[in-house]
Amino acid sequence: MCEQKLSVFSADYWRTARRELNNPRVLAFSGLVCAMAIVLESLPIYLLGPSLKIYFSFLAVSLGCMCYGPVVGMMAGAIIDTVGFLLAGYGEPYFPGYLITAMLSGLLYGVMLYRQKPTLPRIIVTRLIINYGSNVLLGSVWKAMLYGKGYLYYFTSGLVKNTTMLPIEVFLTWVVLNAAIRQGLDRKFIHKR
């Protein structure tokens, strides 16, 4: 996973990430990650009513994207969002904005973690971008469009929730990713080195 250092800005990086689509082990693992994420997504913890929920699907998504990269990560994000909605929509309308957010999260996790050692600073930067960029900024736009309250209402509640959850998400992500590396998940089972 961390043996070959490639710059995200190089064509070789993106060719390598695209080639993951040809690996049957990667596709099987991405299917497992999608299933885990959908199950975790269907078991939220409600904080203050239905609009403020905590999900733990980010653990499965970050683990998968670390192993298979941004290209498969975007596809997995799209599958997780679409199938998760079809299985457990909770009576809410389907909104394509959330599909964009899920794909963007897969891209960000993949770019930040693929073929990189999951250090604490790297995980903190990844979670900051996802929490405040995807979840707060984009999520507030989508909720304002769907539910009609002002953008600032959703921005404020999202900011509080994501700021509160940031240290917990960073810690859990760091624990899960480092445990996967210690067990050789990528090296033993997916990319057979």
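**Burial and helix packing**

Mentor: Gly64 is buried, with a relative accessible area of 0%; buried means under 20%, exposed over 50%, partly exposed in between (1.4 Å probe, protein chains only).
Trainee: What kind of model is this, and how is it numbered?
Mentor: It is a predicted model, numbered from 1 along each chain as its sequence is written. Local features need pLDDT of at least 70, side-chain atom pairs count only at pLDDT 80 or more, totals for chains, interfaces and linings use all residues, and side-chain values use heavy atoms, with hydrogens and water left out.
Trainee: Where is Gly64?
Mentor: In helix α3. Helices are DSSP runs (H or I, at least four residues), numbered from the N terminus.
Trainee: And what is Gly64 in contact with, leaving aside neighbours within four places in sequence?
Mentor: Phe29, Val33 and Gly69. Contact means heavy atoms within 4.5 Å.
Trainee: Switching to α1 and α3. At what angle do the axes cross?
Mentor: Roughly 95 degrees, and the axes of α1 (residues 11–19) and α3 (residues 57–87) come within 7 Å. Axes are lines fitted to C-alpha atoms, for helices over the stretch in contact, and angles run from 0 to 180 degrees between N-to-C directions. The two helices are therefore roughly perpendicular, a label for 65 to 115 degrees.
Trainee: Which residues meet there?
Mentor: Tyr13, Trp14, Ala17 and Arg18 from α1 meet Tyr68, Pro70 and Val71 from α3.
Trainee: Last one. Is Met145 buried or exposed?
Mentor: Exposed, with a relative accessible area of 55%. Met145 sits in helix α5 (residues 120–147).

Conventions
Angles under 35 degrees count as roughly parallel, over 145 as roughly antiparallel, 65 to 115 as roughly perpendicular and the rest as oblique.
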